[in-house]
Amino acid sequence: MLIRAKAPLRISFGGGGTDVSPYADERGGIVLNSTINRFAYATLFPNENNDIKVLSLDYDLSVNYSIEEEFAFNGQLDLVKGVLKKVRKRFDFPSGFQLYLQNDAPPGSGLGSSSTMVVAILRVLQEWLKISWTQYELAELAYEIERIDLCMTGGRQDHYATVFGGFNLMEFNGSRVIVNPLIIKAEIIYELEYSILLVYLKGLRDSSNIINEQVENYKNKDQVALSAMDRLKEIAVQMKHNLLKGEIKDLGYLLHEEWEHKKKIAKGITNQYIDAVYEEARRAGAIGGKILGAGGGGYMLLLCDPIRRHLVMERVQQVGGQIAHFQFVNNGIQAWSLLNR
């Protein structure tokens, strides 16, 4: 028997960073995002003994424990151990199992890959143990494990994006989260896909330092950072209207404004290389764009006039960017089981 979960990664258009505490708790956050056809996979094979084996296929790392043994948090697959510890504390594992993990994007890519993997592991365990979590409960539990139990810095949007799937405007007020699904016409989505370039830049980043600086700037009431974050929320709402109406060029202008404000939140969000690639893309015909996630590296999102899209693609490749082809997907996390494989 195998049980598998497939969780989509996400692109954040506007408001990213306003879902991070304490800003989201005290002033409320708003984020506009969508899931794409890049996924985190978790596959569970129950066995007939009391052994747990976890294997990361991406990094060729494995850990082995008995089902009652305490997990050692030593920097090796600690994210996975945190999930297993939390679930085991609430529910008995009926047997041991093998857990295989694979992700279409590495940590630090800006696509929410780490948080998405937490949700994938929870969902495969939910399917195996027949746990009746709602979508909101699943997303919030993933947030609790990653941000509170394991003290990994970040916001809430990634967990909710992969659970719900599709285009969503999300509102954050502490632990109170509202996910507003957007019903966007198919032709608008097709045109948006053809207008967007997803560009991978060399060098992954550690988002924790950037987010920690953002948090400190907020706590210290840095007015430049605070005003920028307030404006990011407004931009996210404006972007929602652009998407619903099919005003794609206006969305591009707002992406550019979003990026200009986002850079004011913390110094590490951009660097000379990122700025150079973005400026070259703009010269070639990109209307707007931004680094996804906390910043500092990973994937850059560019929105172009489709007539000039090929010129932008050519130029960013010349300066070291790698084009990643993708499509938007409407489904959130999915899980299934097979008796015979």
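Modeller: Helices (H or I, at least four residues) and strands (E, at least two) are DSSP runs, numbered from the N terminus.

Biologist: Which helix holds glutamate 127?

Modeller: Glutamate 127 lies in helix H3, residues 113-129. This is a predicted model, where local features need pLDDT of at least 70, side-chain atom pairs count only at pLDDT 80 or more, and totals for chains, interfaces and linings use all residues. Residues are numbered from 1 along each chain as its sequence is written, and side-chain values use heavy atoms, leaving out hydrogens and water.

Biologist: Is glutamate 127 buried or exposed?

Modeller: Glutamate 127 counts as buried because its relative accessibility is 18%. Buried means under 20% relative accessible area, exposed over 50%, and partly exposed in between, with a 1.4 Å probe and protein chains only.

Biologist: What does glutamate 127 touch?

Modeller: Ile3, Ala335, Trp336 and Ser337, not counting residues up to four places away in sequence. Contact means heavy atoms within 4.5 Å.

Biologist: New topic. At what angle do H2 and H4 pack?

Modeller: About 120 degrees, with the axes of H2 (residues 78-90) and H4 (residues 135-149) 10 Å apart. Axes are lines fitted to C-alpha atoms, for helices over the stretch in contact, and angles run from 0 to 180 degrees between N-to-C directions. So H2 is oblique to H4; angles under 35 degrees count as roughly parallel, over 145 as roughly antiparallel, 65 to 115 as roughly perpendicular and the rest as oblique.

Biologist: Which residues in H2 and H4 meet?

Modeller: Leu79, Gly82, Val83, Lys86 and Arg90 in H2 meet Leu141, Glu144, Ile145, Glu146 and Asp149 in H4.
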